[in-house]
Amino acid sequence: MPWSLLIVDDHADFRAGARALLQVDGFEVLGEAADGESALEAARRLRPQVVLLDVQLPGMDGFAVADRLAAEDDPPIVVLISSRAAETFRHRLREARSVRGFIAKAELSGECLFALLA
């Protein structure tokens with residue numbers, strides 16, 4: 001059974017590309033969201049196993065969204081993504097208990113995501 005996924009990013013082109021890439025690699029993409037508030041609503045409504053979550057979103061950033069998702073009943077696994085390198089967020093990533101891992105957008109692949117979920 002494939003992992004179910006919600007993609008959260010404020011760039012529609014990235015969401016479309018990530019959806020196509022991850023579906024080919026066996027993920028079931030349940031939906032997309034462009035900001036933190038719509039991500040929270042979509043996660044509650046769709047109940048994905050995994051939320052692929054951009055760090056830099058309009059309004060609430062990805063770390064804040066991850067913390068709010070972690071407080072939900074049966075929270076999803078959160079994997080943060082960014083066009084910036086993990087080193088940029090080193091301290092925040094180290095302290096983020098509600099996050100499974102981080103993938104740079106340029107390195108996103110089903111294989112990379114599967115490795116974090118294993």
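Is R45 buried or exposed? In this predicted model, R45 is exposed, with a relative accessible area of 52%.

View 1. E41 is partly exposed, at 39% relative accessible area.

**View 2. R47 and D74 form a salt bridge between two loops.** Here the N to O distance is 4.0 Å. R47 sits in the loop between α2 and β3, while D74 belongs to the loop between α3 and β4, 27 residues apart. R47 is partly exposed at 41%, whereas D74 is exposed at 65%.

**View 3. K105 and D54 are joined by a salt bridge.** Their closest N and O atoms lie 3.7 Å apart. The pair links distant parts of the chain, with K105 in the loop between β5 and α5 and D54 in strand β3. K105 is buried, with 16% relative accessible area, and D54 is buried too, with 3%. Shared partners join D9, D54 and K105 into one salt-bridge network.

**View 4. The largest nonpolar core has 23 residues.** Among those with the most contacts inside this core are V8, V51, L53 and V65. Strands β1, β3, β4 and β5 and helices α2 and α3 each supply at least two of its residues. Look for L53, which touches V8, V65 and V78, among others.

**View 5. The largest cavity has a volume of about 50 Å³.** Its lining includes A43, R47, L69 and D74. By class, four lining residues are nonpolar and four are charged, with no polar ones.

Note on methods:
Residues are numbered from 1 along each chain as its sequence is written. This is a predicted model: local features need pLDDT of at least 70, side-chain atom pairs count only at pLDDT 80 or more; totals for chains, interfaces and linings use all residues. Side-chain values use heavy atoms; hydrogens and water are left out. On a 1 Å grid over the protein atoms alone, a cavity is a set of points where a 1.4 Å probe fits but cannot get out, and a pocket is an open set with protein on both sides within 12 Å along at least five of seven lines; lining residues have an atom within 4 Å of a point. Grid points are joined across faces, edges and corners, and a volume is the space filled by probe spheres set on the points. Ala, Val, Leu, Ile, Met, Phe, Trp, Tyr, Cys and Pro count as nonpolar, Asp, Glu, Lys and Arg as charged, and the others, Gly among them, as polar. A nonpolar core is a set of buried Ala, Val, Leu, Ile, Met, Phe, Trp, Tyr and Cys residues joined through side-chain atoms within 4.5 Å. Buried means under 20% relative accessible area, exposed over 50%, partly exposed in between (1.4 Å probe, protein chains only). Helices (H or I, at least four residues) and strands (E, at least two) are DSSP runs, numbered from the N terminus. Contact means heavy atoms within 4.5 Å. A salt bridge is a side-chain nitrogen of Lys or Arg within 4 Å of a carboxyl oxygen of Asp or Glu. Lists of a residue's contacts leave out its neighbours within four places in sequence.
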